[in-house]
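Here is a short briefing on one protein chain. Look over the sequence and the model first, then read on.

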Amino acid sequence: MLVSVITVKRAYEELEREGIIYRRQGLGTFVADRGGDRSRETQLNAAQELFRNAAREAAEAGLKPAEILELAKSHQRKIT
């Protein structure tokens, strides 16, 4: 698979903006000390947003809060 140089450049810029990596002129690009934590934080924020949207959709479909919670629990059991 080929990846555009522009795509790679943008990906590096985004990772640097998020504090996951840092660059040193003439030395290279490195993972920041807290880069893994920031990456996990980004993933957690995305998961929370997805869950909020799913819960809202479920409520709009007429599910009660207890039913939404049970739905979430049943899916959690499937992934562990």
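The model is a predicted one. Its chain of 80 residues has a radius of gyration of 19 Å, whereas a compact globule of that length would be near 12 Å.

**Secondary structure**
- The protein chain holds three helices and two strands.
- Their order along the sequence is α-β-β-α-α.

**Helix 2**
- Helix 2 covers residues 35–60, which is 26 residues.
- From first C-alpha to last, helix 2 reaches 38 Å.
- That span is close to the 38 Å expected at 1.5 Å a residue.

**Overall dimensions**
- The C-alpha trace spans about 60 × 30 × 20 Å along its principal axes.

**Burial and contacts**
- Of the 80 residues in the protein chain, 9% are buried.
- Take the contacts with a separation of 6 or more: residues 24 or more positions apart account for 3% of them.

**Surface and charge**
- The accessible surface of the protein chain is about 7,100 Å².
- Carbon and sulfur atoms contribute 56% of that surface.
- The protein chain carries 14 positive and 12 negative charges.
- The mean positions of the positive and negative charges lie 2 Å apart.

Methods. Residues are numbered from 1 along each chain as its sequence is written. This is a predicted model: local features need pLDDT of at least 70, side-chain atom pairs count only at pLDDT 80 or more; totals for chains, interfaces and linings use all residues. Side-chain values use heavy atoms; hydrogens and water are left out. Helices (H or I, at least four residues) and strands (E, at least two) are DSSP runs, numbered from the N terminus. The expected span of a helix is 1.5 Å times one less than its number of residues. The radius of gyration is taken over C-alpha atoms; the globule rule is 2.2 Å times the number of residues to the power 0.38. Buried means under 20% relative accessible area, exposed over 50%, partly exposed in between (1.4 Å probe, protein chains only). Contact means heavy atoms within 4.5 Å. Accessible areas come from the Shrake-Rupley method with a 1.4 Å probe; for residues, only the protein chains shown count as cover. Lys and Arg count as positive and Asp and Glu as negative; His and the chain ends are not counted. The place of a charge is taken as NZ of Lys, CZ of Arg, CG of Asp or CD of Glu.
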